[in-house]
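Subject: Structure handover

Hello,

Here is the structure I promised to pass on. Please open it first, then read my notes below.

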Amino acid sequence: MSHHFDTPTAREDPRINVCDFYLFRGQPGSTVMAMTVNPNAGQTAPDMFRDEGLYAFRFDLDGDAREDLSFKVRFGAVFHPDDEDQAHAQSFEVRRASSPAAADGELIVAGRTGRVVEADAGVKAFAGLAPDLFAGDAMALGEFRTAFFDRGMFHPQAFQNRKNFFAGRNVAAIVLEVPAHMIGRGRGRGWATASLHGHAPEIQVSRWGLPLITNIFMPDPAMREDFNRASPVEDVSRFSAQIADVAARMTRLAGSAPDPAGYGRTLAERLCPVTLPYELDTAGSFGLAGFNGRGLADDVMDVMLTLATNTPLGDGVAPDRSRMRDEFPYFGEPFATPPRPGPEPTPPSSS
């Protein structure tokens, strides 16, 4: 949950809180896109999706930070199926829209939550309860941020606990596998959003382009809310200065860059616009040397902490490979655990 509960809106309804986004090759010639929402789904939060929510995978295919293509997922009302293995379910539809102006787009697959659905042309979809595959010591990150934002300290000792705060937790996942040519060719940039789309015009309330952007670089709740409602084309003008400033201050305190301000500007240029670059039909990998999509096993917290501080920094935990599959939907079985406390590390001040 690299963006769990990062805004007031997310706290009000976790079903529209985009926690993570993944982009990688599935079967040869295919692209897998997955988003997770709803921290602690089925444990201390509902395990369903909001029926007035619009969940979208969006792609910029020409490098202008504007949407060129999207896959939009909508859910029906909760119902009680006859199956004994599920207490309730929802229908869903996935539509491919070739431009932002296409309100609905072409229906490519439809089905029911909790089941893998296959359609013509190699399209597969799954929506339902899944294990949270993000790994991180959220309490340590909270301590690290508090030391930095409140006391002006570089505090790497915060990460000595080495405890995965998200172990044993579940999320609600939307996983879609399509032939790569349904997206395009070459290099694109993706991001995931959740919007409200009922009787009023669509209102975006959450987005994910790169991990931990709000949690590392934006202590101000108002800025986090603004970021989640913005589009990538706005990132350079509205948020790059904040990212550059935080990186400059961190590297100055760590003594890890001869020119902290220059390092901050360079990092902000790499991170903005906040979208996930991916060379279609290649193995996804999110690492220090470069971003090329994101696989389920990529340890993104260590990558982002190291980039932010220009210092080898990690929390000592990694995604649980035992909860991953080699075949669709790639997420393994959800955890069968009693309700757990909400994943709520102590936030830093807004200073």
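Start with a charge over a ring. Arg207 lies over the face of Phe227, 3.9 Å from the ring centre. The rule asks for NZ of Lys or CZ of Arg within 6 Å of the ring centre and within 35 degrees of the ring normal. The charged end of Arg169 also sits over a ring, that of Phe165, at 4.9 Å from its centre.

Before going on, note that this is a predicted model: local features need pLDDT of at least 70, side-chain atom pairs count only at pLDDT 80 or more, and totals for chains, interfaces and linings use all residues. Residues are numbered from 1 along each chain as its sequence is written, and side-chain values use heavy atoms, leaving out hydrogens and water.

Now the aromatic pairs. Rings of Phe, Tyr and Trp (its six-membered ring) pair if their centres lie within 6.5 Å; planes under 30 degrees apart are stacked, over 60 edge-to-face, and the rest tilted. The count comes to 17 aromatic pairs. In one of them, the ring centres of Phe144 and Phe154 are 6.0 Å apart and the planes stand at 80°, so the pair is edge-to-face. Phe144 belongs to helix α2 (residues 138-151), while Phe154 is in the loop between α2 and β9 (170-179). Helices (H or I, at least four residues) and strands (E, at least two) are DSSP runs, numbered from the N terminus.

Phe144 is buried, at 2% relative accessible area. Phe154 is partly exposed, at 22%. Buried means under 20%, exposed over 50%, and partly exposed in between (1.4 Å probe, protein chains only).

Phe227 returns here. Its ring and that of Phe239 have centres 5.4 Å apart and planes at 75°, so this pair is edge-to-face. Phe227 sits in helix α4 (residues 221-229) and Phe239 in helix α5, 12 residues apart. Both Phe227 and Phe239 are buried.

Next, helix α6 (residues 260-271). Its buried residues include Tyr263, Leu267 and Leu271. The buried residues of α6 pack against α3 (213-217), α5 (235-254), β14 (291-292) and α7 (300-309). Contact here means heavy atoms within 4.5 Å.

Last, the sheet. Five strands form an open sheet in the order β1-β2-β9-β8-β7, paired antiparallel. Two strands pair if DSSP finds at least two bridges between them. β1 (18-25) and β7 (117-119) stand at the edges with a single partner strand each, so one side of each has no neighbour in the sheet. Three bridges join β7 to β8 (residues 123-131). Glu118 has Lys124 as its bridge partner in β8.

Best wishes
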